Amino acid sequence: MGFAWGPGDILVYETLYKASGASGSGCSFIHEIRKDEDIYSPILRKLFNESHHIFVGLQTIREELPSKSKKPQFVSISKNYRSVIRACMEELHFGSFFKFLFYSLVSILLAIELIWNLCEVLFIDAAPAGSLLLHLLDWVRLHKADVDERAREVLQSESPAEHHDYWDVPGGTQTLTEFDVKWRHWHEEVDRCMQDNSFASNRHLEVICKILLGDEDTLLDHKELLGTWYHFLVTRLLFCHPTVKPTELHYYAQSCMTMFLDSRSVSEPLDNILLAAFEFDIHQVIKECSIALNNWWFVAHLTDLLDHCKLLQSHNLHFGSNLREFLLLEYASGLFTHHSLWQLAVDYFDHCPEFGRVYLELQIERVPLETERKALKVLRICEQRQMSEQVRSICKIMAMRALRNNRLGSALSWSIRAKDAAFATLISERFLQDYCAKGTFSDLDLIDNLGPAMLLSDRLTFLGKYREFHKLYGEKRFREAAKLLLSLMTAKIAPQSFWMTLLTDALPLLEQKEVIFTADQTYELMFCLEELTSSLNITASSTDRPMQEEDVEVTKVELLRLALARNLAQAIVKEGTVET
Amino acid sequence: MESINAKYVSQKISKTRWRPVSHSDLQLPEIFATGSWDNEDNRISIWSIGSNLSTGMEDGFEGDPQLLCEHKHDGDVLDLQFLDQDRIVTASSTGAVTIFRHHQNSQTISVSQLWARAHRYPCDNAPCTSVVCSSPEIVTVGEDGRIIVFRADQEGVVRVIENADSSTIHAVTYLRTTEILTVNSIGQLKLWDFRQQSNSPSQILSLSGDRVPLHCVDRHPNQQHIVATGGQDGMLCVWDVRQGNTPFSLMEAHTAEMWEVHFHPTNPDHLFTCSEDGSLLHWETSSHSDMPSFLQGGRNSSMVSRSAMAPAGGNQSLISAWLSGDSSKGRLETTHMLPSQTLSVNSLDVLGPCLVCGTDGEAIFVNRQVPV
């Protein structure tokens, strides 16, 4: 098999060679393998679009405000991201019979939301000791809703009063130390009750008591209820160290994980990521996530948010940009390979200060332009960012296509947009060729209404003026027509190749009964004719022209000379006559 | 302005149109159709915002559009119009013109008629850019500069005007039952009279100055000679086609291409425009006279240009209100209708108090309480 890399996909084809045995003819198909399947899922598209909206909003938060006052904003943005993830999950969940297909997707989204939520609690919200545990409880509860229901029922069946007091935790009027003292007191009480064997009669009550004491073995006995090691962790913290400080978390996390997962089960990537989070090692979290997930969406957005919270140390990577920019560029480049989502990627590139523009310049030219409307949108993107090279190249592509389909007006409008004088000249040449071939102008509606666009190129100006001459002639305004015709040659607006045609056009004016050209004008016409013939003579001797053509040319010149001479005579007489 | 919610639909929306409500019913519009673009599989979809429609899925807000049915569409949907209550005509980027039928009982869509290569180049496809219909007649225009007239239920083409334009025709609208108006990419408005057999326009209007491509056109619902156009530079121009060669008023509307302009069908004091820059503007002109608009006659004969002067004579007719539009005079109010930072708003439609629009951010916005 052979293959070739594309921007996001691989093209694979069968070659003539087989792995073993003689070579034979392969099938004539080319297979396109997509690296990133997820972008093409219709439900995930909503994720990309909505998160794009949140991303752009995040970038426009003003920098001058101190970070302290921006924290609630960041937390709310983080919650927005998470609600978008949850909305996608729910939709996948309820998505009828495709559930089994999307099952892995749902579990990935669940994991992503779990990690994001934890990062929000630990890094963005940065809860201090005391409220930290509450947030962790919420976190676990949110993700283990059903398990927690049952556990709580078991735990809270007896002694509601103590629990009521218990939940009246910091946030209220007590300080951390006050609460700590109270809690220790309560803990000792329960311990004493245990030692006294006051609950010896009821086995269940005994178990509950042990749990309340935070006895590890009892908790581990109820592994199935807990489900995961982080649930175990939070439960243990709840009953042993409710005033845990953020910096102490990782001790407990590590030990809980080891205790929960026996030697048989291996830690999954998710576990490593969560552990890294508990250790407050943001870079490790990002690194592990990048490896575990096949789409850059999660790490790119999370890193961007953390960077805005000023939590990432700027840390130049070998490739020169920082971590946030690297991830955003990767994500956006992936988006660009999508036939539709490329428009979102533009905004991401805009917010990568170092390399975003370069990436955009390279990618935007490769967007396929099937319709004019799409080309207009791409052009608008380029113009807004002053990418004049790309503007010119896109306009040229569209103009060439129009020209090939004989849409001269479209071609002209594209070259006007790009201010491409060379192309405008090309189009005018086409018009003039058409005129010489057919004797009339095609597309009069265009030429008659050129307006200021006429000035874009000399040839175009000539075309416009020439058409004006024809109009004047048609309206029988001969004097003005004559003047215009002459000026076209003397002001050198007309290309010399066209002078013969112009002079031939002058013939009917010369042949009129009434004298139209003045003597001076006739002299000038003669001068032009001489100039033309002398240059033609120089070329005629070197080129090999057929006899008839030369004859025609010679006859034309002679006719002209005759007409000019006659006109001159009449003009001199007329000007010399004194009106009485 | 109450908050307007986005419904994300996983396809970039190129056109949205309300299904017409029968006048006898006086009902609010409930159903709208959308067309997508730039997808590998484009679709036309029909949505409902009826509050009596309840689905199994708890979808949050009342009036959130629910998808009723959809159908695959070959090529981008470049224009979409309701032919009548059940049929939709679409213009495709492959040059095809299709009539879809919406079966309300089974909530399905099927292809009723297809003209596969209506617009074409000799050796390539030419996108069909716009379609307008007045049942059973359908008129389409395309990048190939052709104007084609069809009749629903008739196989062949009724009339073709070849080479009507040397540049792309972007939009078309009916002026009268036998006259249409087209706008093209070199900034010209052309009137075509179907009663004449010739293949040339009966009138050509254009702006003096730069030939800015025009993308959309709409006719005033009551006054057949007033049209509004929008172009590449985002300027809104209001023209009187009977008079002169230049627009009566030019207003700076948007910072990028204006994709659609619509007069409100029953309340033409209101105009709506949407643009590539992501904004949707609601223009409201107020007439100073207390006379109801249909009793006001008379034309404002003074030519006004961009800097509007107060028209001579006291009769502030409705026409003069649009034609001498100048926002600084306070007679013209403009409101943004969408939250900022959306991608391009490609299409809008307004009927009664309801407005629907679709964006490149794959979102549909519906506002059911437009102040008209």
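In this predicted model, helix 1 of chain A and helix 17 of chain A cross with left-handed geometry. Helix 1 of chain A spans residues 42-59 and helix 17 of chain A spans residues 342-350; their axes lie 11 Å apart at an angle of about 25 degrees. The two helices therefore count as roughly parallel, since the angle falls under 35 degrees. On helix 1 of chain A, the contact is formed by A:Phe48, A:Asn49, A:Ser51, A:His52, A:Phe55 and A:Val56, while helix 17 of chain A contributes A:Leu344, A:Asp347 and A:Tyr348. Sorted by class, this contact comprises five nonpolar, three polar and one charged residues.

A further helix pair involves helix 11 (residues 229-240) of chain A and helix 13 (residues 269-278) of chain A, which pack at an angle of about 30 degrees with their axes 11 Å apart. This arrangement, too, is roughly parallel. A:Trp229, A:Tyr230 and A:Leu233 of helix 11 of chain A meet A:Asp271, A:Leu274, A:Leu275 and A:Phe278 of helix 13 of chain A. The contact has six nonpolar, no polar and one charged residues.

Over all chains, the structure holds 27 of them. Two are set out below.

| Pair | Centre to centre | Angle between planes | Class |
|---|---|---|---|
| A:Phe349 and A:Tyr359 | 5.8 Å | 40 degrees | tilted |
| A:Tyr466 and A:Phe498 | 5.4 Å | 90 degrees | edge-to-face |

A:Phe349 counts as buried because its relative accessibility is 1%, whereas A:Tyr359, at 31% relative accessibility, counts as partly exposed.

The pair of A:Tyr466 and A:Phe498 is edge-to-face because the ring planes stand at 90 degrees. This pair also links distant parts of the chain: A:Tyr466 belongs to helix 24 (residues 458-474) of chain A, and A:Phe498 lies in the loop between helix 25 (478-490) and helix 26 (499-511) of chain A, 32 residues apart. A:Tyr466 is buried, at 0% relative accessibility, and A:Phe498 is buried as well, with a relative accessible area of 6%.

A:Tyr466 and A:Phe498 also belong to a cluster linked by ring pairs, together with A:Tyr435, A:Phe441, A:Phe462, A:Phe469, A:Tyr473 and A:Phe478.

Technical notes:
Residues numbered from 1 in each chain as written. Chains lettered and ligands numbered in written order. Predicted model: local features only at pLDDT ≥ 70, side-chain atom pairs only at ≥ 80, totals over all residues. Heavy atoms only, no water. Axes fitted to C-alpha atoms, helices over the stretch in contact; angles between N-to-C directions. Helix = DSSP H or I, 4+ residues; strand = E, 2+ residues; numbered from the N terminus. Parallel < 35°, antiparallel > 145°, perpendicular 65-115°, else oblique. Left-handed = near helix turned anticlockwise from the far one by under 90°. Contact = heavy atoms within 4.5 Å. Nonpolar A, V, L, I, M, F, W, Y, C, P; charged D, E, K, R; others polar. Phe/Tyr/Trp six-rings, centres within 6.5 Å; stacked < 30°, edge-to-face > 60°. Buried < 20%, exposed > 50% of the residue type's maximum accessible area, 1.4 Å probe, protein only.
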